[in-house]
Amino acid sequence: MESSARYEKDDIIINFRDLTIHMLRRWRSIIVGVLVITLLASALQYWKDQSAYKATLAAEQDKVSSVQLEGISLANANQVLQYQRLYQLQADYNRESLLMHIDPTSVPTRTLSYLVSGDKGYVAASLYQAHLGDLTVYKQIATQLTDKNDPSHIMELVTVTVQSNQADDALADHALILVEIIAPTEEIGAAISKHLKTQMQSLNTTVTAALGKHTLGLITESARLNANSALKAIQQTNLNDCNTLRNNLKSAKDALTAQERAYVEQMAAIDKVETDADAAKPVSPSISVKMLIAGFAAGLVLMLGLHALGYVFGRRLKSCEDFSERYGLFVFGCIADEQKKLSLTERLICRLFFKKEQTLSAQDRLALAQQKLTLTLRDALADKETARVCIIGCTGADAALAPFKEAAAKNGVALEIIPSPLTDAAALEHLNAADAVILAKAVGVSAYSDICRELELCERLARPVLGAFILQ
């Protein structure tokens, strides 16, 4: 018989089918591991966010003025702070307002003329005018514009007037609503006009519910470019106010003492934090969905990697194919425990991955293995009337292999199930007296090193190895 080196391979054999089965059989531990890692990752992120949140709160609480002023010094400092706030507000308005960005010599102007007729037409028109003076209308328009603007800045561009041709306006049945829209560009003016017409139709329902039935109709819509001296005056006034506030602020700052200046700097820093609430106010930490997804992905990769390493470097028998490929011995059959009820996972694995003969019932698989054993014994021991064959078993092999004794006895072969001769001296004596040997090894239990040593022992005793039973 050749050296046992031909049985045991030093390189690692990876069977992707066996690897997949190995993963599926451990799906519970994979899920538990993924959940644990996901929770740990989320808890770690929450702890970090909580620490940062507490640190930010502590820093905010420490922002208390350490400079104490009284009397005239406090009044001087507060005056500077007031000038500073007013100047900042005016400068921000001049920079962001749409009104301040219109060229007064060429103003894109659009006019919408609506006729209101019916009972109390003038009253209804006045109600429309009141609604168009509500900031809520322009908030809705601002959300629909491509360039997001402050609703109050849009509201400044719209002027609404009501006209009637009767002496007593309150009794008039007809009234005219003139809506004038100015804008920095014709595109912005057209967009505001479009959305404002939609808002007028929405307001029609509200006004009808309040005053009763009447009609609202758009008579004309015009667009033109014209000079606007009133707009120019408003813009100049805003610029002058900003310059005046800036000069007052500079003069007041120059008159401050060093202690007053320190107080102003501290209070200005606090005001800046309070004003920019969205950016500076600490947000209470919460569980991040992104971190949950990242933790789940990391846990899945880690658990699959750990189980893959367990499969690759595991030194125990993995499957029937693993035994045949590694040792080159004939396998009579994969014997299952008849008393063991297969789980849903095991049944699924059998259907998807096992060969047809391995998906048979335990009784059919047992009969097929007995048939293979009988044919092998006839061929190997044909020159002997009676023969003795030892089955080197493993833990729990006796009950599973007992049915084979009767099948072998009919062919004049006495099967004897013995424990591993590596650890049992009596078993070694039985092996020495046997005519042939059959191995019985269990998937996930029998170690490669023990199988190799048993084959080496059979080789030294010149006992032929007919094949093997694999227990699942």
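This is a predicted model: local features need pLDDT of at least 70, side-chain atom pairs count only at pLDDT 80 or more; totals for chains, interfaces and linings use all residues.
Residues are numbered from 1 along each chain as its sequence is written, and side-chain values use heavy atoms, with hydrogens and water left out.

**View 1. The whole protein.** The protein has 17 helices and nine strands; these are DSSP runs numbered from the N terminus, helices being H or I of at least four residues and strands E of at least two. Of its 472 residues, 38% count as buried (under 20% relative accessible area; exposed is over 50% and partly exposed in between, with a 1.4 Å probe and protein chains only). The accessible surface is about 26,800 Å², and carbon and sulfur atoms account for 56% of that (Shrake-Rupley method, 1.4 Å probe). Among contacts (heavy atoms within 4.5 Å) between residues at least 6 apart in sequence, 83% join residues at least 24 apart.

**View 2. Helix 1 against helix 11.** Two packed helices are described by the angle between their axes and the distance between the axes. The axes of helix 1 (residues 16–24) and helix 11 (residues 289–313) come within 10 Å and cross at roughly 125°. Axes are lines fitted to C-alpha atoms, for helices over the stretch in contact, and angles run from 0 to 180 degrees between N-to-C directions. The two helices are therefore oblique to each other (under 35 degrees is roughly parallel, over 145 roughly antiparallel, 65 to 115 roughly perpendicular, and the rest oblique). Helix 1 contributes Asp18, Leu19, His22 and Met23 to the contact, and helix 11 contributes Leu304, His307, Ala308, Gly310 and Tyr311.

**View 3. Helix 12 against helix 17.** Helix 12 (residues 320–327) and helix 17 (residues 448–460) have axes that come within 13 Å and cross at roughly 45°. Helix 12 and helix 17 are therefore oblique to each other. On helix 12, Asp322, Phe323, Arg326 and Tyr327 meet Tyr448, Ile451 and Leu455 of helix 17.

**View 4. Leu249 and its contacts.** Leu249 is found in helix 8 (residues 229–254). This residue is buried, with a relative accessible area of 9%. Leaving aside neighbours within four places in sequence, Leu249 is in contact with Val80, Tyr83, Gln84 and Tyr87. Leu249 and Gln84 are 165 residues apart in sequence, yet 6.3 Å apart in space, C-alpha to C-alpha.
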